[in-house]
Amino acid sequence: MREPRRWPGATGPSSRTRRNGALRLATPFAVAALTALVTALTTTLDAFKLPPFARLAIVTGGSVLAGLIALVSQREVRDSVRERPTAVGGAVAPAQLPPVIAHFTGRTDILARLHRVFTEESAGRRAREWSGCVVVSVHGPGGVGKSALVTRFAHEVAGRYPDGQLYCDLRGAGDVRVRAEDVLTGFLLALGVRLTTDPGGLADLQKLWWTWVKGRRILIFLDNAQFADQVQAIVPPEAGCAVLVTSRQPLYLRNTLDVRLQQFTEPQAVELLARLAGDDRVAADAEAAVRVAALCDHLPLAVSICGGRLA
C-alpha cells in the first residue's frame, strides 16, 4: 500500500493514532507467540509429572490469553477507524496561524471593521439567512501588508474557533500554482484524517472535507490567492467556520466582505519607521524620515526593510 504524502501545514499523527498503529503491528506477533507456546505446552506437558487438571489449566489459560489479546486489538482498531477527533474529545486542534509581526502598526479602522463582521450577533444573523460560512477577502498591491493584517486579525478571533485554525500559502505571486486538491489534503491530514490510499479527485476530497468540518468551528486562512477557484473549492458549507483570504487582485467571490487595503498614510509610515529604527533617531531627523517613507511609496513592506537596515 502506498504511503501517504506529507503536505505543507499538515500535523503529525496523534498519540492515540501512534498507539493504535503500534498495537496493530504488535498483536499478530503476540498472538503467534502465545499460540506457539500453547502448542508447545500441549506436546510437551506429558514429559512433566503434573496432574491432569494442572495441564488443562495451563493450556486453557494460554488459549484464553491469546484470544483476549486478539479481541482487544480488534476493538481498538475498530474504534480508531470510527474515531472522529475533536477538540472537545481531547485531540489536539490544529493551530497553524503564522506569528504576528512584532512591529505591526496602524490598521485600527480595518481591524474594527473586520471585528464588526465577526461579532456573534452578525454571525448568528448570517447563519439564519444563509447556511454558508463567513468569507472575508483582503486584496491590494504587493507589500501593502495584507498578510500581516489578516494574521493579526486571525489571532484576535482565533479563540472563537476552538476546533482549529488552518493556514496555507497559495503562493499567488509565484509561478507555481497551488492546487485546491493539495490544500484540502493538507487540511484533512491536519484534522486527523488518515489518507492511506489515494482519496480521489477534487470532488471526492471536497465531500470528505465537508464531512469533517460539519458541526465544527474552524478558522481557515488562505494567503496569497491567485485565482478564485483556488478558494471556492475550499470554502466549506458550514456556518460555524470562517475563511480569510488575501490576494493581489479582487477575486470576485460570493463572500461576506471584500476590502481593498491601501498604502500607509505618511504619519503611519513614519511611525512604522520609528518603531524599527528607533524613536530618537527619527525624531532627530524628521525630514529625512518623511523622505524615506515617500521613497518607499508608503508601502509597509518597503518601510519595514528600510527600518530594519537602519536599525
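**Close-up views of a predicted model**

**View A. Strand 3 (residues 219-225) and strand 4 run parallel and are joined by five bridges.** Helices (H or I, at least four residues) and strands (E, at least two) are DSSP runs, numbered from the N terminus. Two strands are said to pair if DSSP finds at least two bridges between them. Across from Leu-244 in strand 4 stands Phe-221. The model is predicted: local features need pLDDT of at least 70, side-chain atom pairs count only at pLDDT 80 or more, and totals for chains, interfaces and linings use all residues. Residues are numbered from 1 along each chain as its sequence is written, and side-chain values use heavy atoms, with hydrogens and water left out.

**View B. Strand 4 is mostly covered.** Six of the six residues in strand 4 are buried, where buried means under 20% relative accessible area, exposed over 50%, and partly exposed in between (1.4 Å probe, protein chains only). Ala-242, Leu-244 and Thr-246 point one way from the strand, while Val-243, Val-245 and Ser-247 point the other way, and all are buried.

**View C. Strand 1 (residues 134-139) is largely enclosed by the rest of the structure, because six of its six residues are buried.** On one side of strand 1 are Val-134, Val-136 and Val-138, and pointing the other way are Val-135, Ser-137 and His-139; all are buried.

**View D. Strand 1 pairs with strand 4 and with strand 5.** Strand 1 and strand 4 (residues 242-247) run parallel and are joined by six bridges. The pairing of strand 1 with strand 5 (residues 257-260) is also in the parallel sense, over four bridges. His-139 has a bridge partner in each of these neighbours: Ser-247 in strand 4 and Arg-260 in strand 5.

**View E. Arg-281 lies in helix 10 (residues 279-284).** The residue Arg-281 is partly exposed, with a relative accessible area of 48%. Apart from neighbours within four places in sequence, Arg-281 is in contact with Leu-310 and Ala-311, contact meaning heavy atoms within 4.5 Å. Arg-281 and Leu-310 are 29 residues apart along the chain, and their C-alpha atoms are separated by 9.5 Å.
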